[in-house]
Amino acid sequence: VAVFFGLGLLDRNDFHKALNWAVLILIGGGMALGHVMQRSMLLEIMSELIQDSLHGSSLWTYMFAFSVFMAVVANFISSTVAAIIVLPVVAEVGKSVGHPAGMIISAAIMDSAAMALPVSSFPNANSYAVQRRVRHEEDADEPAPQGPTAFLEPRDYLVTGGLVTLMALVLVMSAGFLVQPAYGF
């Protein structure tokens, strides 16, 4: 950054006008939340509770529970952070039931499919930051909003991303579960 400033390729307007600080704060908040969840051992506690409640259940039930667990966690923190934190937990549970690869693959797919909030992934955060310019109508009865407004609102992510997450869960737990034995999982 110092070299770019020294060469004149960047100036202070690049940081104030061109850089969308809301996206950086949104991503940083998701990473901080993930770090807190890891340091507080919250994920391990939740994992143990799920595993204890599923003791003696079928492999499908374990995979379903941890796929849902991964989808929920990945929706509230970024999918990258969720993978770093949750996949080792899923691997340990997978080892205990004798199918670590299948559980890791299903959890990883659910991690990628979790997109019900703007903070769920970097593409979601970037698309949330895209704004449209508002034309100020002089003859409008209602006052026009000042400045740019977002194209997408959190409810857009919740509806669309929630449906994608649900469809991925159905596919992972039906077709995905059925093809795993063919690949040795």
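Biologist: W60 and F64 are four residues apart in helix 5, so what separates them in terms of the helix?
Modeller: First, this is a predicted model, where local features need pLDDT of at least 70, side-chain atom pairs count only at pLDDT 80 or more, and totals for chains, interfaces and linings use all residues. Residues are numbered from 1 along each chain as its sequence is written, and side-chain values use heavy atoms, with hydrogens and water left out. Helices are DSSP runs of H or I with at least four residues, strands are runs of E with at least two, and both are numbered from the N terminus. Being four residues apart in helix 5, W60 and F64 are separated by about one helical turn.

Biologist: How many aromatic pairs does the structure hold?
Modeller: Rings of Phe, Tyr and Trp (its six-membered ring) pair if their centres lie within 6.5 Å; planes under 30 degrees apart count as stacked, over 60 as edge-to-face and the rest as tilted. By that rule, the number of aromatic pairs in the structure is three.

Biologist: What kind of pair do the rings of W60 and F64 make?
Modeller: A pair of aromatic rings is described by the distance of the centres and the angle of the planes. For W60 and F64 the centres are 5.3 Å apart and the planes are at 5 degrees, so this pair is stacked.

Biologist: Is F64 buried or exposed, or in between?
Modeller: Buried means under 20% relative accessible area, exposed over 50%, and partly exposed in between (1.4 Å probe, protein chains only). F64 has 34% relative accessibility, so it counts as partly exposed.

Biologist: And what kind of aromatic pair do F66 and F69 form?
Modeller: These two are three residues apart in helix 5, about one helical turn. F66 is buried at 1%, and F69 is buried too, at 6%. With 6.0 Å centre to centre and 85 degrees between the planes, the pair is edge-to-face.

Biologist: Leaving aside its neighbours within four places in sequence, what is S78 in contact with?
Modeller: S78 lies in the loop between helix 5 (59–76) and helix 6, and is buried, with a relative accessible area of 3%. Taking contact as heavy atoms within 4.5 Å, the partners are V119 and S120.

Biologist: Where does helix 6 bend?
Modeller: The bend at a residue is the angle between axes fitted to the seven residues ending there and the seven starting there. In helix 6 that angle is about 35 degrees, and a proline, P88, follows within four residues of the bend. The residue is V86.
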